Amino acid sequence: HRHHAEVHVAREEAAADGLAQRLGLATDAPVFHTLIVHFENGVALQCEDRFVNPAWAPDFLSVDFTRITPTHYLLQVAPLWEAQYSIEASAPSAEEARLLGVSAHEPCLVIVRRTMSRGVPITLARLVAALSVKPPAMVMAL
């Protein structure tokens, strides 16, 4: 199995109200945003849309996410103590469908994961995988 990743977004943004609340930030505070598509053997496996609290990973945007996954990096700088998951089968957004190379009506496994270290929110990620592409067990590894 050969993994590679394409980084489509890696930037600092102002946290909108709902996102700011989920990450324990003030509205319009800086937040890091990445949008990465993970591939296995050349096939799009997962679309990862992630927001990160910069206080916990100030160098996040300087990391080469084609060489290391965001999860691997974040576990090094802010050890995970707790995670909250929402898991559902749903259609992808238009952008997610385009990035995964599937129909907008394709059933997908959608995982929203918020992780915390010592009770402080670190990251909020939306992980989307087309069910026809790969068994869901592979999705959790990323």
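This report covers the fold, overall dimensions, surface and nonpolar cores of a predicted model.

## Fold

The protein has four helices and six strands. Read from the N terminus, the order is β-α-β-β-α-β-α-β-β-α.

## Dimensions

The radius of gyration is 15 Å. A compact globule of 142 residues would come out near 14 Å, so the protein agrees with that expectation. Along the principal axes, the C-alpha atoms fill a box of roughly 40 × 30 × 25 Å.

## Surface and charge

Buried residues make up 46% of the 142. The accessible surface is about 7,100 Å². Carbon and sulfur atoms account for 55% of that area.

The protein carries 11 positive and 15 negative charges. Their mean positions lie 5 Å apart.

## Nonpolar cores

In soluble globular proteins, nonpolar side chains tend to be buried together. Here the largest nonpolar core holds 14 residues. Cys47, Leu100 and Val128 touch the most other members. At least two residues of this core come from each of strand 2 (30–40), strand 3 (43–52), helix 3 (94–100), strand 5 (108–117) and strand 6 (120–130).

A separate core of 13 residues lies apart from the largest one. Its members include Phe32, Phe60, Ile68 and Ala78.

How values were computed
Residues are numbered from 1 along each chain as its sequence is written. This is a predicted model: local features need pLDDT of at least 70, side-chain atom pairs count only at pLDDT 80 or more; totals for chains, interfaces and linings use all residues. Side-chain values use heavy atoms; hydrogens and water are left out. The radius of gyration is taken over C-alpha atoms; the globule rule is 2.2 Å times the number of residues to the power 0.38. Buried means under 20% relative accessible area, exposed over 50%, partly exposed in between (1.4 Å probe, protein chains only). Accessible areas come from the Shrake-Rupley method with a 1.4 Å probe; for residues, only the protein chains shown count as cover. Lys and Arg count as positive and Asp and Glu as negative; His and the chain ends are not counted. The place of a charge is taken as NZ of Lys, CZ of Arg, CG of Asp or CD of Glu. A nonpolar core is a set of buried Ala, Val, Leu, Ile, Met, Phe, Trp, Tyr and Cys residues joined through side-chain atoms within 4.5 Å.
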